[in-house]
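Here is a short report on one protein model. Have the sequence and the structure at hand as you read.

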Amino acid sequence: MSTAFSEKLRLALKMLSLSGARLAGELNIDKSVVSRWLSGAVQPSAHNLSLLTALVAARIDGFSTLDWERDLKGLAARFGADPEVVGAGQATAPAGMPLAILDLAVSTTALRGAAYEGLFRSTRVDPDGAGDFLNEHALVRRDARGLLRLSFGGGGLTAEGWVIPLHSQLYVVATDVRSGIMLFGVFNGPASARADVFDGLVLAPTVDIGRTPTAMPMYCERIADLSGDAAADERRFAALTAGDPRTPAAQIPERLRKHLLRDIGPAQHALGGDYLLTMPIVRSLARGPGGGAPLEER
């Protein structure tokens, strides 16, 4: 199947006047699965492709799985659209992260990427100011290009992007494919063959009316390795992100609360605290195997 399946699916949804959420409902699958199809992070399994084809065939007479093998213009014609007009309006899916340092990102991922593959639970302060925290989840695994692909979400947020290990840090760029919100992160990574914990800072807009840019510390802890079965890992990730990520502060270990929630600014700096929100390596909780007792035991 063409690597441009995500473009073909976006075209099909446009031609059928369907949203991603509506498609998920009609196929009886989680919305995050459709989001990952649309982002190009994954392609449908044989079972889901069969369901998707049957849904299209109910609207486009004679449509079959072979039609997905058509190029974009051929698929547009199959839907009865002008292929020249549709083709001109479609963006070409990038082969990988469009960075000037892409080759370096691929080479460093080949050396260090395995340390960060797995399922992780993240913890950050809930930016709505209610005093709660958010426990979201991430699935990290290498793609065919050699980059670390990220799926991240919880409570309605499903973001897709990349984790790029460079030097002693991890750089994260991700997009919520439903809202268009982008998230950025810089994390400290442990100098080990396996990352059990890493932490750093993330920047993302809040969900208020002004989409206020907000920076906050985030703590990420491994909860499982990849199983070797990509579909099973997808199902587990979908299950983890289905619930409400809000967690009362009382359920967060005290040391982690203090690590993630700090007073900053000139007044605090004068008292010996932080002038800016930072995550220096001397305070980082990043660790690999054998890096100390779990946080709740410290």
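## A buried residue, a cavity and a surface patch

Phenylalanine 198 is buried, because its relative accessible area is 8% and buried means under 20%. This residue belongs to strand β7. Its C-alpha lies 6.6 Å from that of leucine 285, although 87 residues separate phenylalanine 198 and leucine 285 in sequence. Note that the model is predicted.

Now the inner space. How many cavities of 30 Å³ or more does the count give? The count comes to 1 cavity. The largest cavity holds about 230 Å³ of space. Its lining has 20 residues. Leu150, Phe152, Val172, Phe187 and Met218 lie nearest the centre of the largest cavity. Strands β1 (118–125), β2 (133–142), β3 (148–154), β5 (169–176), β6 (182–188), β7 (197–205) and β8 (213–224) each give at least two residues to this lining.

| Class | Residues in the lining |
|---|---|
| Nonpolar | 16 residues |
| Polar | 2 residues |

Next, the surface. Which residues form a nonpolar patch there? Leu99, Ile101 and Leu104 do, and together they have about 220 Å² of accessible area. Isoleucine 101 sits in the loop between α6 (83–88) and α7 (102–112). Is isoleucine 101 buried, partly exposed or exposed? Its relative accessibility is 39%.

How values were computed
Residues are numbered from 1 along each chain as its sequence is written. This is a predicted model: local features need pLDDT of at least 70, side-chain atom pairs count only at pLDDT 80 or more; totals for chains, interfaces and linings use all residues. Side-chain values use heavy atoms; hydrogens and water are left out. On a 1 Å grid over the protein atoms alone, a cavity is a set of points where a 1.4 Å probe fits but cannot get out, and a pocket is an open set with protein on both sides within 12 Å along at least five of seven lines; lining residues have an atom within 4 Å of a point. Grid points are joined across faces, edges and corners, and a volume is the space filled by probe spheres set on the points. Helices (H or I, at least four residues) and strands (E, at least two) are DSSP runs, numbered from the N terminus. Ala, Val, Leu, Ile, Met, Phe, Trp, Tyr, Cys and Pro count as nonpolar, Asp, Glu, Lys and Arg as charged, and the others, Gly among them, as polar. Patches are made of residues with over 30% relative accessible area and no salt bridge: like charges are joined within 9 Å, nonpolar side chains (Val, Leu, Ile, Met, Phe, Trp, Tyr) within 5 Å. Accessible areas come from the Shrake-Rupley method with a 1.4 Å probe; for residues, only the protein chains shown count as cover. A salt bridge is a side-chain nitrogen of Lys or Arg within 4 Å of a carboxyl oxygen of Asp or Glu. Buried means under 20% relative accessible area, exposed over 50%, partly exposed in between (1.4 Å probe, protein chains only).
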